[in-house]
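Please keep the sequence and the model in view while reading.

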Amino acid sequence: MLRITDPFRDIQYSRIKGEKKDVYFKVEFDEGKFYKVDNGYVLMANVTKYAGVVRAFKPEEPVQPGICAIPIYNKDYEIREKGKDGQYVSNTYSPSIHEKNLCTHLDGTISEDSYYKGSIAFSVDDQLLNLPDEKIIDTVVSSCHLIDTDSSGKLPEYQANTSSYSSYKKNNGYSRLTPADKATWVKKELCQSVKEPGYNEEMSLADLTEQFVTENKKDETFLALYFDLIKAILA
């Protein structure tokens, strides 16, 4: 299942997460830019219409149009997901036949400096498994409609990793941090997030958390996103 996450704090756009092998997925957009990444492309686009995706939080609510980062993979990739025990783990997935071939098509047709409008539809693997290579390419090309357009200046730059703490984890040996180090980091994060003046790192983690929840209790989605992100970073 494909899910869309909401914009969150310094992340100014939604993100699509999940496998495309078994889900028909389509996006229509009036402005987009492609970013080349290690495992394919990311399309940063102002999406006007979705098909085949649900909200990560409150999935019963409709998916709203807006700016979104859409990954298009050409090799195995990892997704951080909550396991049955409630802990976050990294699961490895393989790209769908369609998206892998779409990356090849994009290699020869798009410019990373250009902006496009149009639509892209992703076929499920079952529709392509028994087709010869040329038929697969024909399907991919006919499902990708891109027209050059001018930049509005409103699309944010795509950032592969917007968490400075995640960068620290990756580059500086996070596994050596003690529980006290982690608690200190959480306190710093909460102090930056609490609106009421006078809250500082000398206060207890419980008091900081209580104040943060009090200030944001009307937005349950935000609170869930915030604390899920904290748990994912510390996992």
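## Overall picture

In this predicted model, 62% of the contacts between residues at least 6 apart in sequence join residues that are at least 24 apart. The protein has six helices and 10 strands, and of its 235 residues, 40% are buried.

How many salt bridges does a search of the whole structure find? The search finds five, and one of them is formed by Asp6 and Arg55, whose closest N and O atoms are 3.2 Å apart. This pair links distant parts of the chain, since Asp6 belongs to the loop between β1 (3-5) and β2 (14-17) while Arg55 belongs to strand β5 (residues 54-55), 49 residues apart. Asp6 has a relative accessibility of 22% and so counts as partly exposed, whereas Arg55, at 11%, counts as buried because the cut-off for that class is under 20%.

Arg55 also meets Glu61 in a salt bridge, with an N to O distance of 3.9 Å between the side chains. Glu61 has a relative accessibility of 36% and therefore counts as partly exposed. Through salt bridges that share partners, Asp6, Arg55 and Glu61 are joined into one network.

Another salt bridge is formed by Asp107 and Lys36, and here the closest N and O atoms are 3.1 Å apart. Because Asp107 lies in helix α1 (residues 97-107) and Lys36 in strand β3 (residues 25-37), the pair ties together parts of the protein that are 71 residues apart in sequence.

Are these two residues buried or partly exposed? Asp107 is partly exposed, with a relative accessible area of 45%, and Lys36 is partly exposed as well, with a relative accessible area of 39%.

## Helix α4 and its packing partners

Helix α4 (residues 179-193) packs with helix α6 (residues 220-234), the two axes coming within 12 Å and crossing at roughly 150°. An angle over 145 degrees counts as roughly antiparallel, and α4 and α6 are therefore described in that way relative to each other. Their crossing is right-handed. On the α4 side the contact is made by Lys182, Trp185, Val186, Glu189, Leu190 and Ser193, and on the α6 side by Tyr226, Ile230, Ile233 and Leu234.

From α4, the residues Val186, Lys187, Leu190, Cys191 and Ser193 meet Leu205, Leu208, Thr209, Phe212 and Glu215 of α5. The residues of the contact between α4 and α5 divide into six nonpolar, two polar and two charged. Val186, Leu190 and Ser193 of α4 are named in the contact with α6 and also in the contact with α5.

## Two serines in loops

Which loop holds Ser151? Ser151 is found in the loop between β10 (144-149) and α3 (164-171), and with a relative accessibility of 39% it counts as partly exposed. The C-alpha atom of Ser151 is separated by 8.3 Å from that of Ser114, although these two residues are 37 residues apart along the chain. When residues up to four places away in sequence are not counted, Ser151 touches Glu31 and Tyr115.

Ser123 lies in the loop between β9 (115-122) and α2 (133-142). Ser123 is buried, with a relative accessible area of 11%, whereas Ser151 is partly exposed. Leaving aside neighbours within four places in sequence, Ser123 is in contact with Lys20, His98, Leu128 and Thr139.

Technical notes
Residues are numbered from 1 along each chain as its sequence is written. This is a predicted model: local features need pLDDT of at least 70, side-chain atom pairs count only at pLDDT 80 or more; totals for chains, interfaces and linings use all residues. Side-chain values use heavy atoms; hydrogens and water are left out. A salt bridge is a side-chain nitrogen of Lys or Arg within 4 Å of a carboxyl oxygen of Asp or Glu. Helices (H or I, at least four residues) and strands (E, at least two) are DSSP runs, numbered from the N terminus. Buried means under 20% relative accessible area, exposed over 50%, partly exposed in between (1.4 Å probe, protein chains only). Axes are lines fitted to C-alpha atoms, for helices over the stretch in contact, and angles run from 0 to 180 degrees between N-to-C directions. Angles under 35 degrees count as roughly parallel, over 145 as roughly antiparallel, 65 to 115 as roughly perpendicular and the rest as oblique. A crossing is left-handed if the near helix is turned anticlockwise from the far one by less than a right angle, and right-handed if clockwise. Contact means heavy atoms within 4.5 Å. Ala, Val, Leu, Ile, Met, Phe, Trp, Tyr, Cys and Pro count as nonpolar, Asp, Glu, Lys and Arg as charged, and the others, Gly among them, as polar.
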